[in-house]
Amino acid sequence: MPRIPKLRSFRQADSLWYRGLDALCFPVDTPFLNGPQYHWWVIYDEERPIGFAGLYVDGDEAHFCRAGVIAAKRGLGYQRD
């Protein structure tokens, strides 16, 4: 069962560690947007981060803004759970 904790702050998503995970999931030319209205979760398989998901909140609306899984773990249902 994967573990999916929420990042404590949107600022954590600007860290080199998180940006590295993003680069493993998306092509370099895919823009990464972030700010106080963004909320991020990291997907762990065992203790290794394998993907993430983001939610953009605008007033009373919320939208998934970005979700990705590293290539080696795609097709195993992580985004389905």
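Contact here means heavy atoms within 4.5 Å. The model is predicted: local features need pLDDT of at least 70, side-chain atom pairs count only at pLDDT 80 or more, and totals for chains, interfaces and linings use all residues. Residues are numbered from 1 along each chain as its sequence is written, and side-chain values use heavy atoms, with hydrogens and water left out.

Helices (H or I, at least four residues) and strands (E, at least two) are DSSP runs, numbered from the N terminus. Buried means under 20% relative accessible area, exposed means over 50%, and partly exposed lies in between (1.4 Å probe, protein chains only).

Four residues of H1 are buried: Tyr-18, Leu-21, Asp-22 and Cys-25. Seen down the axis of H1, they fall within an arc of 100 degrees, so they line one face of the helix. That arc is taken from the directions from the helix axis to the C-beta atoms. The buried residues of H1 pack against S1, S2 and S3. Leu-16, Ala-23 and Leu-24 are exposed on the other side of H1.

**Asp-22 and Arg-66**

Asp-22 lies in H1. Leaving aside neighbours within four places in sequence, Asp-22 is in contact with Phe-32, Phe-52 and Arg-66. Arg-66 sits in strand S3 (residues 61-69). Beyond four places in sequence, Arg-66 touches Asp-22, Phe-26, Thr-30, Pro-31, Phe-32, Trp-40, Phe-52, Ala-53 and Gly-54. The side chain of Arg-66 also reaches the backbone oxygen of Pro-31 at 2.8 Å. This is a polar contact (a pair of N or O atoms within 3.5 Å; within protein, one must be able to donate a hydrogen and the other to accept it, and residues adjacent in sequence count only if both atoms are side-chain atoms).

**Nonpolar core**

A nonpolar core is a set of buried Ala, Val, Leu, Ile, Met, Phe, Trp, Tyr and Cys residues joined through side-chain atoms within 4.5 Å. The largest one has 16 residues. Those with the most contacts inside it are Leu-7, Ala-13, Tyr-18, Leu-21, Trp-40, Val-42 and Phe-52. H1 (16-25), S1 (38-45) and S2 (48-58) each supply at least two residues of this core. The largest share, five residues, comes from S1. Val-42 touches residues including Ile-4, Leu-7, Tyr-18, Leu-21 and Phe-52, not counting those up to four places away in sequence.

**Aromatic pairs**

Rings of Phe, Tyr and Trp (its six-membered ring) pair if their centres lie within 6.5 Å; planes under 30 degrees apart count as stacked, over 60 as edge-to-face and the rest as tilted. The whole structure holds nine aromatic pairs. Tyr-38 and Tyr-56 have ring centres 4.9 Å apart and planes at 55 degrees, so the pair is tilted. It links distant parts of the chain, with Tyr-38 in S1 and Tyr-56 in S2, 18 residues apart. One aromatic cluster is formed by Trp-17, Tyr-18, Phe-26, Phe-32, Tyr-38, Trp-40, Phe-52 and Tyr-56.

**Cysteines**

A disulfide is a pair of cysteine sulfur atoms within 2.5 Å. The count is zero. The sulfur of Cys-65 is 13 Å from the closest cysteine sulfur, in Cys-25, too far for a bond.

**Accessibility of selected residues**

| Residue | Relative accessible area | Class |
|---|---|---|
| Asp-22 | 8% | buried |
| Cys-25 | 9% | buried |
| Tyr-38 | 10% | buried |
| Tyr-56 | 23% | partly exposed |
| Cys-65 | 33% | partly exposed |
| Arg-66 | 9% | buried |
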